[in-house]
Amino acid sequence: MLKYETLPVTPFQQNCSLVWCDQTMKGALVDPGGELPRLTAAAKRRGVVLEQILLTHAHIDHAGGAGQLARELGLPIVGPHTGDQFWIDGLAQQSAMFGFPAAEPIVPSRWLDDGDEVMVGQCRLAVRHCPGHTPGHVVFHSAEAGRAFVGDVLFAGSIGRTDFPGGDHDTLIASITGRLWPMGDDTVFIPGHGPESSFGRERRANPYVRGT
Ligand SMILES: [Zn+2]
Ligand SMILES: [Zn+2]
C-alpha cells in the first residue's frame, strides 16, 4: 500500500509529499520545491529509500529543488508533461522573481502523458494530464490508497490560478471535471497548498466547481 507524509516547503508552504511503498520501502518525493535537508531527513526517519522525483508541474515552489536533489542523490526526474518545458526553461527567472535560491536546471528523465503509470516500489500511480493552471500539469492517483496528488489543479475550497502564461480557466475546469471527478467522490486529494479534502466534498462545497 502507498503511504505518504506531507511536508510543506518554501515561503509558499508548498505541500511536498514523501510517498513510499510499505512493502519495499522504496519511495519518491513529489514536488520537492526546496528545503531539501528536511525532505531527505524525513525519508531517512521513515526508512524510505528514495528512487525518483515526481513533478506535477514546473512552478518554482514545486520544482525548485528538483535539479539539486537529482544531482546530489542521482535520482531521475519523472514528469511533468512536455507542455511545461517553457516553465522549466524559465526556472532561473522564476527564482529571481520570487526571491527563491537559484534553482539548478532540470532535465526530466521521463516526460509524462495522460494514461501513463509510475511505479513506486510495488505501488501503481496512474498519471492524468490536467492542464489549465499550467499546460503541462499532471496529477498522480493511487486507486488502491484512494489518494490523489493534484498539485495546483484543485484546493480545498478553491482552484488553481489561471492568470499565468499558458493558464486557461475553462481548460482547468475541464481537467477537474473530466479527469479528477472520475477518480471518485471518496478519493482524498493532497493539494499543492493547504489542507487535504475529498473530491466529493469539493463537488458539494467548493464555489468554483460546486455541482459539476
Ligand atoms: Zn503552480
Ligand atoms: Zn504551487
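**The zinc site**

Along the sequence, the donors of the zinc ion (ligand 1) follow the spacing H-x1-H-x73-H-x18-D. This is a predicted model. The donor atoms belong to H57 (NE2), H59 (ND1), H133 (NE2) and D152 (OD), and they sit at 2.2 to 2.3 Å. Around this zinc ion (ligand 1), the 4 donor atoms subtend angles of 90 to 164°, so the arrangement is irregular.

Where do H57 and D152 lie? H57 is in the loop between β4 (49–54) and α2, while D152 is in the loop between β9 and β10. The pair therefore ties together parts that are 95 residues apart in sequence. H57 counts as buried because its relative accessibility is 0%. D152 has a relative accessible area of 5%, so D152 is buried as well.

D152 bridges the zinc ion (ligand 1) and the zinc ion (ligand 2), and the two ions lie 3.5 Å apart. The zinc ion (ligand 2) is coordinated by D61 (OD), H62 (NE2), D152 (OD) and H193 (NE2), at 2.1 to 2.5 Å. Its 4 donor atoms make angles of 84 to 156°, and this site is irregular. The donor residues of the zinc ion (ligand 2) are spaced D-H-x89-D-x40-H in sequence.

D152 and H193 also link separate stretches of the chain. D152 lies in the loop between β9 (147–151) and β10 (154–155), and H193 in the loop between β12 (188–191) and β13 (197–198), so this pair ties together parts that are 41 residues apart in sequence. Both D152 and H193 are buried.

The largest pocket holds about 350 Å³ of space. It is lined by 16 residues, and those closest to its centre are F12, H59, D61, F98 and F164. α5 gives the most, with 4 residues. By class, the lining of the largest pocket divides into 7 nonpolar, 6 polar and 3 charged residues.

Technical notes: Residues are numbered from 1 along each chain as its sequence is written. Chains are lettered from A and ligands numbered from 1 in the order in which they are written. This is a predicted model: local features need pLDDT of at least 70, side-chain atom pairs count only at pLDDT 80 or more; totals for chains, interfaces and linings use all residues. Side-chain values use heavy atoms; hydrogens and water are left out. On a 1 Å grid over the protein atoms alone, a cavity is a set of points where a 1.4 Å probe fits but cannot get out, and a pocket is an open set with protein on both sides within 12 Å along at least five of seven lines; lining residues have an atom within 4 Å of a point. Grid points are joined across faces, edges and corners, and a volume is the space filled by probe spheres set on the points. Helices (H or I, at least four residues) and strands (E, at least two) are DSSP runs, numbered from the N terminus. Ala, Val, Leu, Ile, Met, Phe, Trp, Tyr, Cys and Pro count as nonpolar, Asp, Glu, Lys and Arg as charged, and the others, Gly among them, as polar. Donors are N, O and S atoms within 2.8 Å of the metal (3.2 Å for Na, K and Ca); water is not among the atoms, so sites may look incomplete. Four donors count as tetrahedral if all angles lie between 85 and 135 degrees; four count as square planar and six as octahedral if opposite donors are over 155 degrees apart and all others between 65 and 115; anything else is irregular. Buried means under 20% relative accessible area, exposed over 50%, partly exposed in between (1.4 Å probe, protein chains only).
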